[in-house]
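The exercises below concern the structure that follows. Work through each task before reading its solution.

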Amino acid sequence: MAAGGTDMGPEGPGAGEDSGGLRAALAGLTTRGRSFLAAGVAAAVCSYVLGQADLLRVGLLLAALPLVCVAVVHRTRYRVAGSRRLAPARVPAGSEARVHLRMDNVSRLPTGLLMLQDRVPYVLGPRPRFVLDRVEPGGRREVSYRVRSDLRGRYPLGPLQLRLSDPFGMCELTRAFSAYDTLTVVPRVEPLPPVRLTGEAAGYGDGRHRSLALAGEDDVIPRGYRIGDDLRRVHWRSTARYGELMVRREEQPQRAHCTVLLDTRRTAHYGSGPDSAFEWAVSGAASTAVHLLERGYAVRLLTDSGSSVPGPDGGGGFTGSTHDSAETAGLMLDTLAVVDHSDGEGLSPAFEVLRGGGEGLLVAFLGELDEEQAATAARMRHRTTAAVAFVLDGAAWSRGAELGGTRELEERLRRLREAGWTALPVGPGASLAELWRQADAQGATRADAGGSTVGGMTGSWA
């Protein structure tokens, strides 16, 4: 991603000739320049008091040098353009991105000594600075630096600053370009094994639940003619009945649906930082969404507050076709990059969304549950064909130990399992890939026991 170049012409370093530009140049005196000027003034005063003419000449020389440097820098005329490119613009937390900067001298004069500086947030590392000795007319210079963050988020880069200095270091003028870019640090995505978990209704492909998608057999219900429709699909009987051109509707091949539920309640998670329980849940939701999108699922991301991330077609929050998977994955990762704790107290808003359209698979990443929220989560299962819950053990995360196995946690898990969930506890440092396999094994056990059938048949999901 490239930042638009910005000319530094009449508004650039030292190019102005009005009194305001001169005052700005005087304000650009460095510590060395101010010291020389003060020493010159002091020497001139002493020469007057002591009657020493030679001391006066020394004072005038000391005071004149920084002033001459100010005038030179002030009257320097050139135009430069700068650009920035991120590679890549979206990176997982803990990974590095490289920022490429380019400066072009578009004037007819060579530049003097330049210092290039880019503004970056402190979480990305120290502020990068580069010294450019001399750029010939029409020439360019390219430099780069690396940024890295363990914290997900969206971080602005820029504006790019250019500092002009005289050879003696007496005066410096700084100007900033207007363009800036944004680096998106998304949650870590863990590769998941292609397991087969029982509980999904049989249908498309490997026993996946079906929903409307793109094209297929004729439906008996006609619809109005649209520009581009094949005239061979005109339904003449309906056309005569309604008095307008009608065509046969298409029954469309269907895709498996999945909802990834992320519990963001502030009261349900302990700690903060990259290794906190909440960050594990966000990373787990990202990994699950990407994994299922790659396997052809139509996926939506839902939070406890009831807000969802729709696919490009906006159809109930799900994607429209397999061609949208990469775009939708990027949209969900961008959303998860900035998701934060909510002030909600319960899961009821999410339950209402699922009640309005919760078909397919449900994968939930839940924080600490009280009795009321466990009951709400249990009711969500009845709106789906299969449900898997990863419940974070608050007691274990709070003390950074292994799974606590508290009575309250076991009771919540038992209630979810009785409602038909495949429910697993999650402790600090748990591997989502291993939990994924455990969920497969637990689902298979439930299916063998006759507890995971849906509509009289069992299926699988990967």
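**Exercise 1. Salt bridges**

How many salt bridges does the count come to?

Solution. The model is predicted, so local features need pLDDT of at least 70 and side-chain atom pairs count only at pLDDT 80 or more, while totals for chains, interfaces and linings use all residues. Residues are numbered from 1 along each chain as its sequence is written, and side-chain values use heavy atoms, with hydrogens and water left out.

Step 1. Apply the rule: the count comes to 17 salt bridges.

Step 2. The side chains of Arg90 and Asp334 meet at 2.9 Å, N to O. Arg90 is in strand E2 (residues 90-92) and Asp334 in helix H6 (residues 325-338), 244 residues apart. Helices (H or I, at least four residues) and strands (E, at least two) are DSSP runs, numbered from the N terminus.

Step 3. Note a network: salt bridges link Arg84, Asp118 and Asp181.

**Exercise 2. Accessibility of paired side chains**

Solution. Step 1. Set the classes: buried means under 20% relative accessible area, exposed over 50%, and partly exposed in between (1.4 Å probe, protein chains only).

Step 1. For the pair from Exercise 1, Arg90 is partly exposed at 39%, and Asp334 is partly exposed at 21%.

Step 2. Asp150 and Arg148 form a salt bridge of 3.2 Å, N to O. Asp150 has 35% relative accessibility and is partly exposed; Arg148 has 39% and is also partly exposed.

Step 3. Arg355 and Glu352 form a salt bridge of 2.4 Å, N to O. These two residues are three apart in helix H7 (residues 348-357), and are therefore separated by about one helical turn. Arg355 is partly exposed at 42%, as is Glu352 at 40%.

**Exercise 3. Strand E8 and its partners**

Which strands do bridges join to E8?

Solution. Step 1. Pairing requires that DSSP finds at least two bridges between two strands.

Step 1. Strand E4 (residues 113-118) is joined to E8 by six bridges and the two run antiparallel; in E8, Gln161 is the bridge partner of Gln117.

Step 2. Strand E9 (residues 172-176) is joined to E8 by five bridges, again antiparallel. In E9, Thr174 is the bridge partner of Arg163.

Step 3. E8 and E9 form a hairpin with six residues between them, and Gly169 in the turn has a positive phi of about 70°.

Step 4. Check the cover: five of the six residues of E8 (residues 160-165) are buried.

**Exercise 4. Largest pocket**

Which helix gives the largest share of the lining of the largest pocket?

Solution. Step 1. On a 1 Å grid over the protein atoms alone, a pocket is an open set of points where a 1.4 Å probe fits, with protein on both sides within 12 Å along at least five of seven lines; lining residues have an atom within 4 Å of a point.

Step 1. The volume, the space filled by probe spheres set on the points, is about 320 Å³ for the largest pocket. Of its 18 lining residues, the closest to its centre are Arg188, Pro274, Glu279, Trp280 and Ser283.

Step 2. Helix H5 (residues 277-294) gives the largest share of the lining, with five residues.

Key: A salt bridge is a side-chain nitrogen of Lys or Arg within 4 Å of a carboxyl oxygen of Asp or Glu.
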